[in-house]
Amino acid sequence: MYNNMGPQPGMPRPPGNPQPGPFGNPFTGAGSGFIRGGLGAYGERILGSSSEYVQSNISRYFSDPQYYFQVNDQYVRNKLKVVLFPFLHRGHWTRISEPVGGRLSYKPPIYDINAPDLYIPFMAFGTYVVLAGLSLGLNGKFTPEALNWLFVKGLVGWFLQVMLLKVTLLSLGSGEAPLLDIVAYGGYAFAGLCLAGFSKIMWGYSYYALMPWTCLCTGIFLVKTMKRVLFAEVRSYDSSKHHYLLLFLALVQFPLLIWLGNISVNWLF
Amino acid sequence: MTKDFAVPPVVFPPTGGSSGGANVQQRRFSAIPFQQPPPSSSSQIPFLSFNMGSAAASSATHAGPFGGTIASSSSFGGGGGSPSFEDEEPLLDELGIHPDQIWKKTRSILNPFRINQTVHKDSDLSGPIFLYLALCLFQLLAGKIQFGVILGWIVVSSIFLYVVFNMLAGRNGNLNLHTCTSLVGYCLLPVVVLSAVSLFVPQGAGPVKYVLAGVFVLWSTRACSTLVVSLADGGEEHRGLIAYACFLIYTLFSLLVIF
């Protein structure tokens, strides 16, 4: 299935302890103003006095959120095309890295179509909630409490997707990708769900054609992305285990997205 | 056992206006234990005085630094006479509600084609509260009791817009939450109009309601995104992205109105 095995020539392996997070540290980078402002008067005191150890550990797991919002219109359009029609993406799937201050880090999303961002997942999630409310209303079952439950259901679905990706990474011996990267990859599934939901509102039967399409496309997108992530993160390369896990990832998309796309008042079906 | 301090005698002022000033002064002196009579010169730094109107000004010149607070406290202290009632601020000013400012801001959003941005420079939350109550009122007339829901959604959506705008704007984004909530609240005006109008739309006309809602939501979105981008730095190149976030917020509110 995957016949371009072997080390890619263009992708340098990050040295030693990979911290492939973005440049900057959440406490001193661009997002720090936001975090400090959010914490009010205590922000300076809490964040200013944290030790170097704590800072480095937190920054490894929770990278600077500012990086994921450096987007523009063109990036959003192209990324949506990649997520919804991944087989049409002619270029390579690796992220462009650049050395910043002695460490290797990835270019922000404006410069690199393969970089994850958090704007599209958040907006796709919001659109999913709104479309779900619309379709509930068109069936006459709209109440604000039902919409709140749908919001929570969407959050649980996103969390399950993130857990799935994280477990995939962990089972191969390295869970060191930044958490926000995984959250971003998990959230891209909502873009396909929005497309399916929109088509359900427009014409009821097209949903049954578009839903498997969405699952397939999300599966392909996640497989191609995770293949690169695995390649960058995992030290040993065991091809058959990788293949089975990636296949499992693609297959699990089907029940997960069908559960999320089935918009009704109760939780399961 | 003898008292250590002399309890000042309490003198209730007669109900006359002319002698009120002198009596306020007298009570002022008598109500302050341990204090030496304040110096007659008014050149000291008036660290507790504030302007309460002309009645207070005439008596404040005699008083010195402590005059302001004591005069106002004397108004509820002793069932005060008329000058201490006049010394108070008008109620609306004290609450921070300025009706003419609210009306100016509301009128600036009523015109869908040209939005006056300078009026919104100082943000207040009392206008949004009025608009929220108006929306709840119209929903109540439609038979839906949604006070808590609408308030919760306003809070959540203003936090959402605040986060999205500041993250997109990057290092120089300076939207603060008060301004954000104020703008989201004022731009709810078209949704309020929608809920008023939809009271009169007949029951079976489905598509009419959707088209109407679409028009009002687009109006809201345009107003909100224009105001947000013009009032805070850093949002110019992300107009479309921010407009989409505003669109989501107002579609959510219009769902409450339509269904």
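1. Is A:R95 buried or exposed? A:R95 counts as buried, because its relative accessibility is 12% and buried means under 20% relative accessible area, exposed over 50% and partly exposed in between, with a 1.4 Å probe and protein chains only. The notes below start with how to read the model and come back to this residue later.

2. This is a predicted model, in which local features need pLDDT of at least 70 and side-chain atom pairs count only at pLDDT 80 or more, while totals for chains, interfaces and linings use all residues; side-chain values use heavy atoms, with hydrogens and water left out. Residues are numbered from 1 along each chain as its sequence is written, and chains are lettered from A and ligands numbered from 1 in the order in which they are written.

3. Chain A in outline. Chain A contains ten helices and two strands; helices (H or I, at least four residues) and strands (E, at least two) are DSSP runs, numbered from the N terminus. Read from the N terminus, the order of elements is α-α-α-α-β-β-α-α-α-α-α-α. Of the 269 residues in chain A, 50% are buried.

4. Surface and contacts of chain A. The accessible surface of chain A is about 12800 Å², and carbon and sulfur atoms hold 66% of it; such areas come from the Shrake-Rupley method with a 1.4 Å probe, and for residues only the protein chains shown count as cover. Among the contacts in chain A with a separation of 6 or more, 76% join residues 24 or more positions apart, where contact means heavy atoms within 4.5 Å.

5. The interface. Chain A brings 23 residues to the contact and chain B brings 23 residues. Between them the two chains bury about 2200 Å², with 77% of this on carbon and sulfur atoms. Buried area is the accessible area (1.4 Å probe) that two parts lose on being put together, summed over both. There are four residue pairs in polar contact between chain A and chain B, both residues being at pLDDT 80 or more. A polar contact is a pair of N or O atoms within 3.5 Å; within protein, one must be able to donate a hydrogen and the other to accept it, and residues adjacent in sequence count only if both atoms are side-chain atoms. The number of salt bridges between chain A and chain B is zero, a salt bridge being a side-chain nitrogen of Lys or Arg within 4 Å of a carboxyl oxygen of Asp or Glu.

6. On the side of chain A that touches chain B, at least two residues come from each of α1 (30–39), α4 (73–84), α5 (119–138) and α6 (144–171). The most come from α5(A), which gives nine residues. Sorted by class, this side has 14 nonpolar, seven polar and two charged residues. Here Ala, Val, Leu, Ile, Met, Phe, Trp, Tyr, Cys and Pro count as nonpolar, Asp, Glu, Lys and Arg as charged, and the others, Gly among them, as polar.

7. Salt bridge in chain A. Over all chains, the whole structure has two salt bridges. One of them joins the side chains of A:D181 and A:R95, at 3.0 Å from N to O. The pair links distant parts of the chain, 86 residues apart: A:D181 is in helix α7 (residues 179–187), and A:R95 is in the loop between α4 and β1 (97–100). A:D181 is buried at a relative accessible area of 5%, and A:R95, from the opening question, is buried at 12%.

8. Salt bridge in chain B. The side chains of B:D124 and B:K105 form a salt bridge at 2.9 Å, N to O. B:D124 lies in the loop between α6 (99–110) and α7 (126–141) of chain B and B:K105 lies in helix α6, so the pair ties together parts that are 19 residues apart in sequence. B:D124 is buried, with a relative accessible area of 8%, and B:K105 is buried at 0%.

9. A neighbour of that bridge. B:S182 sits in helix α9 (residues 177–186) of chain B and is buried, at 2% relative accessible area. Its side chain reaches the backbone oxygen of B:D124 at 3.3 Å. Leaving aside residues up to four places away in sequence, B:S182 touches B:S123, B:D124, B:L125 and B:P128.

10. A threonine in chain A. A:T218 belongs to helix α9 (residues 206–233) of chain A and is buried, at 6% relative accessibility. A polar atom of the A:T218 side chain lies 2.7 Å from the backbone oxygen of A:T214. Not counting residues up to four places away in sequence, A:T218 touches A:A189, A:Q253 and A:L257.
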